Amino acid sequence: MNNINDKKTVAIVLAAGKGKRMGLPVNKQFLTIKDKPVLFYSLKAFEESNVDEILVVASKEEAQKIKMEIIDKYKIDKISNIIIGGKERYNSVYNALVVSTNCDKVLIHDGARPFIKKDVINNLLNELLDNEAVILAVPAKDTIKRVDVNGYVIETLDRNQLYQVQTPQAFNYDKLKKAYDSIIEKIKLNKISESMITDDAMILESESKQTLIKVILGNYNNIKITTKEDLEIAKILMEE
Ligand code: CTP
Ligand code: MG
């Protein structure tokens, strides 16, 4: 049992984006797969996992709708708070990190990835006992090339070393928070372009170079719903 003074494991589930690439009037977290909203599935997995607490990050406009149509309706009890997100994904993460007091471990997950399972979450938490950062990834199946701005090939990367990275990503809270503080400062000073930041682990790669980031194998079906095609694929995968 958790004592009230024990340090917690917190999951930050992101749902504060605009879903522009879906091109639909309704934001993607509310679209349904098997009659349930996309965001429901990952919240349910965290609810059933060993995390102590879930923070959902939502836009100001959608926070109430998420509360009523997902959190209350499906009784996701571990959610302690809805945090208002920011302009970019990393702003949304940071807003949640700032309020995650008394937190020992933190997992960060895209609410647009409904196929995450509680066993995988618990596995990440176990790996965090021996590591300060653990991420999920799958080996790249396609050949990947670097291409210049004019559309010509620069080089082919060695596929044996390439992995496609997913969420959740799991971290020692203090390590991640310090790295975030540092990068936020650099962005303010125009020392780093915010468009470079595409996941959380790379903030440690940049600001905490000595921290080893352990990669564990994820599942190819842990897709992020980004476009309409992804939703169609997700509906098929959810039937399985
Ligand atoms: N996200 C967020 N805050 C932002 C931007 C994104 O919380 N300012 C969240 C999204 O809600 C999503 C996850 O980060 O769960 C991954 O982002 P992405 O797939 O890019 O979602 P959107 O930004 O909503 O979509 P798009 O880029 O097509 O507008
Ligand atoms: Mg986005």
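Ala234 lies in helix 7, where helices (H or I, at least four residues) and strands (E, at least two) are DSSP runs numbered from the N terminus. With a relative accessible area of 0%, Ala234 is buried; buried means under 20% relative accessible area and exposed over 50%, with partly exposed in between, for a 1.4 Å probe and protein chains only. Please keep in mind that this is a predicted model, in which local features need pLDDT of at least 70 and side-chain atom pairs count only at pLDDT 80 or more, while totals for chains, interfaces and linings use all residues. Residues are numbered from 1 along each chain as its sequence is written, chains are lettered from A and ligands numbered from 1 in the order in which they are written, and side-chain values use heavy atoms, with hydrogens and water left out.

Staying with Ala234, its C-alpha atom is separated by 7.4 Å from that of Ile33, although the two are 201 residues apart along the chain. Not counting residues up to four places away in sequence, Ala234 touches Ile33, Phe115, Ile223 and Ile225, contact being heavy atoms within 4.5 Å.

Ile33 brings us to the core. The largest nonpolar core has 43 residues, and Ile33, Leu43, Phe46, Val51, Ile54, Ile66 and Leu107 are those with the most contacts inside it; such a core is a set of buried Ala, Val, Leu, Ile, Met, Phe, Trp, Tyr and Cys residues joined through side-chain atoms within 4.5 Å. Two or more residues are given to this core by each of several elements, among them strand 1 (8–15), helix 1 (38–48), strand 4 (53–58) and helix 7 (228–239), and the largest share, seven residues, comes from helix 1. A second, separate core of 29 residues includes Leu14, Cys103, Ile135 and Ile197.

Leu107, beyond its neighbours within four places in sequence, is in contact with residues including Phe46, Val51, Ile121 and Pro168.

Pro168 lies in strand 10, and a cis peptide bond, with omega about 5°, joins Thr167 and Pro168. Is Thr167, then, buried or exposed? At 5% relative accessibility, Thr167 counts as buried, and a polar atom of its side chain lies 3.0 Å from the backbone nitrogen of Asp110. A polar contact here is a pair of N or O atoms within 3.5 Å; within protein, one must be able to donate a hydrogen and the other to accept it, and residues adjacent in sequence count only if both atoms are side-chain atoms.

Next comes helix 5. Asn172 caps its N-terminal end, with a side-chain oxygen 3.1 Å from the backbone nitrogen of Asp174. The buried residues of helix 5 are Tyr173, Leu176, Lys177, Ala179, Tyr180, Ile183, Ile184 and Ile187. They cover an arc of only 165° around the axis, which puts them on the same side of helix 5; the arc is that of the directions from the helix axis to the C-beta atoms. These buried residues pack against helix 3 (89–99), strand 6 (103–110), strand 10 (163–172) and helix 6 (201–207).

Finally, two loop residues. Asn190, in the loop between helix 5 and helix 6, has a positive phi near 60° without being a glycine, and at 69% relative accessibility Asn190 counts as exposed. Asp35, in the loop between strand 2 (32–33) and strand 3 (36–37), is not a glycine either, yet has a positive phi of about 70°; Asp35 is exposed, with a relative accessible area of 71%.
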